[in-house]
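Please examine the structure shown here before reading the report.

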Amino acid sequence: MKQVYIDTFGCQMNVADSDRMELLLFHSGYARTTHMEDADLILVNTCSIREKAEQKIFSLFGGIKHLKEANSDVVMGLTGCLAQQEGERLLKRIPFLDFILGPDHVEHIPQAVDRVLETQQPLTWNDFDKQKNYSIPEVSGQPQKATHPSAFVNIIKGCDKFCTFCVVPFTRGREKSREAEEIYAEVRTLVNQGAKEIILLGQNVNAYGKRGLETPVAFHELLYGIAEIPGVERLRFTTSYPGDVTPELLQAYADLDILVNHLHLPAQSGNNRILQVMRRGNTVEEYMALIETLKTQTPDIELSTDIIVGFPGETESEFEDTLKFMEQVGFSSSYMFCYSPRPNTPAAEFLDDVPEPVKKERLQRTIECQSRLTQIQGEKYLGKEVEVLIEGHATRKGTRFMKGRNPHYWQVHFSGDENGFGPGDRVKVRVEAVSGHTLRGQAVV
Ligand code: SAH
Ligand code: F3S
């Protein structure tokens, strides 16, 4: 078999796309290798959400140029969001690249490689598909790999929200949902292969089913449908958009035992003027009302979020509103970013007037605020039992332990290996210590 090396940057959608490309390439004679030097085909699945992500990709290509110089038969492809955003321009910037493939053409990866091999010409394939909805046909036979108890399932792609800072609508196109039956079939297959936890994926999962489906199914209905599939022990989804949260979705948390009591709901800012210029479509009060309802119906719910600091025009007091808001909600974790202007986005035209050192200082304060909140949340677990879905073993400072996650998505490291537990088992762990977003303890037998 030939060998393919795949490097993945960015979000879980990209991880899922890389896995899909691996599967499709397996059926056209490629096995995945972790050694770039041995590869006949090198794929870099890229992200362009912030400028830093782009820079990393260009420096990676700088570092692998010698592989192409040493062996011109090695095929090199750049896939993902940067491929969509920059297209042919990348061939000028990285002249030794063989092809550019946009995210809508993940299914065409074998054809792209074949075409390059046949024609010996560079190829750019990054138009958006014209379909109304989104299909990922089942491919039988998986490449041999260790089963992970958590499996990702794409349910929707694209985003129609056009928040003023965000490049996703330009790189991933319009919102398109997969037929529910196709999703159920994939979930059943994954469960048969050993998956215990299903993680539904999309740039905007809770916009699922809004249009285009032959059989209309709303997002909450999809959750109830998956909950009926025997063998699904846990269900999560990411990422959701506050404006698309419905009362029915909030109710699903109360109704469905397998739906974990953790919601990742990006807020971006805690100031209404900034939210408006970001075009987020909701106010702080609306976000809070939603959280209040959820906390009333599902008292042990935990929330995490995404925050951007240093958005154009953000004043010190507007930034402080974000810190206050984070405290008020009590997020268990956050992804926090400095604002980065992105091509084609409306905010790229705004004056990026918050100086870089101020952005960095605000980011630092946001991280400190979140660390405090995480610590407070973590301490609540001390002395309590949590349910852990085991992912595997790890070793730190010579000590071997097991690791997994609780329903609220905390990493849990624990001892108790002698009981013969393995990946995919759910066990109770008594928490003895907390550090960062990790709980440590002993298995309860
Ligand atoms: N669908 C999600 C967002 C996905 S993008 C939502 O509903 O908000 C992932 C995160 O990257 C965003 O939530 C945002 O916090 C961050 N991000 C996106 N564009 C950015 C930019 N231009 N600068 C800094 N952070 C950005
Ligand atoms: Fe981006 Fe806003 Fe969509 S942050 S992914 S445009 S919801």
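The report below covers the domains, the aromatic ring pairs and the charges over rings.

This is a predicted model, in which local features need pLDDT of at least 70, side-chain atom pairs count only at pLDDT 80 or more, and totals for chains, interfaces and linings use all residues. Residues are numbered from 1 along each chain as its sequence is written, chains are lettered from A and ligands numbered from 1 in the order in which they are written, and side-chain values use heavy atoms, with hydrogens and water left out.

The chain comprises domain 1 (2-125), domain 2 (150-379) and domain 3 (385-443), with bounds from an automatic or database domain assignment. The centres of domain 1 and domain 3, taken over C-alpha atoms, lie 36 Å apart.

Rings of Phe, Tyr and Trp (its six-membered ring) pair if their centres lie within 6.5 Å; planes under 30 degrees apart are stacked, over 60 edge-to-face and the rest tilted. By this rule there are 11 aromatic pairs, including the two tabulated here.

| Pair | Centre to centre | Angle between planes | Type |
|---|---|---|---|
| F61 and F96 | 6.3 Å | 55° | tilted |
| F165 and F311 | 6.4 Å | 85° | edge-to-face |

F61 is buried at 2% relative accessibility, and F96 is buried at 16%, where buried means under 20% relative accessible area (1.4 Å probe, protein chains only). F165 and F311 are also buried, and ring pairs link F165, F311, Y339 and F350 into a cluster.

A charge sits over a ring if NZ of Lys or CZ of Arg is within 6 Å of the ring centre and within 35 degrees of the ring normal. The charged end of R93 is placed over the ring of F58, 3.6 Å from its centre, while R115 lies over the face of W125 at 4.7 Å from the ring centre.

How values were computed:
Buried means under 20% relative accessible area, exposed over 50%, partly exposed in between (1.4 Å probe, protein chains only).
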